[in-house]
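Hi there,

Here's the structure I promised to pass on. Have a look at it first, and then read my notes below.

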Amino acid sequence: MAKERVVFDFTDEEVRKEIVGFKSYTWYNYYDLIKEGRKWYNVEEKEDKVKVSIVTKEDNEYDCIYYKKTIKEIETLVNNKEPVNLRHCYIKDFNILEIQNDKEYEIINFDAKDSFWDGNVSFFGTKFGGGDVIFEGTQFGVGDVRFDEAQFGEGNVIFDSTYFGEGYTSFDSTYFGEGDVRFDSAQFGEGAVSFSSAQFGEGDVSFRGAEADRVRFDGVNFLSYEDLRFESVNRLEIKDCILEKTLKVSGIHKKSSLSLKDTVNIGQICFEDNSKHVVKALGRNIKQAFKDVVSVLFKRDKKDKNKRDKKIVIKRRINLVKEWLAEKEKYKKSITMIKENYHNLGDYEGEDRA
């Protein structure tokens, strides 16, 4: 028996009330679509509306009907210093650099709840002013999503139940302001997400219930309570960071990889997963580093096989071994940190495993 296609018409006032109020529409909730993950989608544009037909990984079919919004219309809102309300809108190939504005600007009261952003999306260097920045329930299509060097204001930054698709997602060198930062129940898909050199303020940071393949925090100073209790994460990297208060972590499974290289723990790390999985995840990361070294060595030797100088090859191998030994030493320090952390929490079984 064929499954019935479910339609969410965001241009219909009554339907919007049901979705926004978290009431069920037919026997589905709109956020089930986000949770199920996307297999593929198709776009059908009309004059002022866009229909996005979606098939999820569970083979459920949805039609989402949005208002069509152009970059020119968004530019007008920004230039007039009006609230940027993009709720229930479809936006294609958005790039903040296409908004021509010679004077200083701030995007105020940005609200893109339950919207759809198709193609590559760039908010590079965007300045967000007053009010919360809301991407809750937003779907990003096929393409990269970049918030590099964006500056958020004093409000909260909300990416709850956001679907990031298959592209690369970057929040590198992003300043998140003083409000809370939430990625609760976000779906990062198969693409990597990076927070290298990101600056979080005094507000709480939460990824509770999110699912991700690879998440990287590099050179980040966590000042407040951090909730990294993922539903599932395959590769979690917390490198060269400072943990000043409490960091809660979960979602580490049997095949996960975890890195805490060069990270300083001033507060405490609370792992809610089996300590056996946590310690093995740390070991799996150093094994991957070894494979990377061998892979580089093999590729270089193969490239130069017809004109190799033995001295050059030997020197190269020695340098790679030194790199590997340095990585291994940093891994040992990570294990020592985890061991002390388990001891301070009174988790002696975890300490013994480390």
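**Around Val264**

Val264 lies in strand S23, residues 264–265 (strands are DSSP runs of E with at least two residues, numbered from the N terminus). Before going on: this is a predicted model, where local features need pLDDT of at least 70 and side-chain atom pairs count only at pLDDT 80 or more, while totals for chains, interfaces and linings use all residues. Residues are numbered from 1 along each chain as its sequence is written, and side-chain values use heavy atoms, leaving out hydrogens and water.

Val264 is partly exposed, at 44% relative accessible area (partly exposed sits between buried, under 20%, and exposed, over 50%, with a 1.4 Å probe and protein chains only). Together with Ile242 and Ile266, Val264 forms a nonpolar surface patch of about 250 Å² accessible area. Patch residues have over 30% relative accessible area and no salt bridge, and nonpolar side chains are joined within 5 Å, like charges within 9 Å. The areas come from the Shrake-Rupley method, and a salt bridge puts a Lys or Arg side-chain nitrogen within 4 Å of an Asp or Glu carboxyl oxygen.

Now the sheet: S17-S20-S23 is the order of an open, parallel sheet of three strands. S17 (221–222) and S23 are at the edges with a single partner strand each, so one side of each has no neighbour in the sheet. Strand S20 (residues 242–243) runs parallel to S23, joined by two bridges (pairing takes at least two DSSP bridges). Leu243 is opposite Asn265 in S23.

Cheers!

Conventions: Accessible areas come from the Shrake-Rupley method with a 1.4 Å probe; for residues, only the protein chains shown count as cover. Helices (H or I, at least four residues) and strands (E, at least two) are DSSP runs, numbered from the N terminus.
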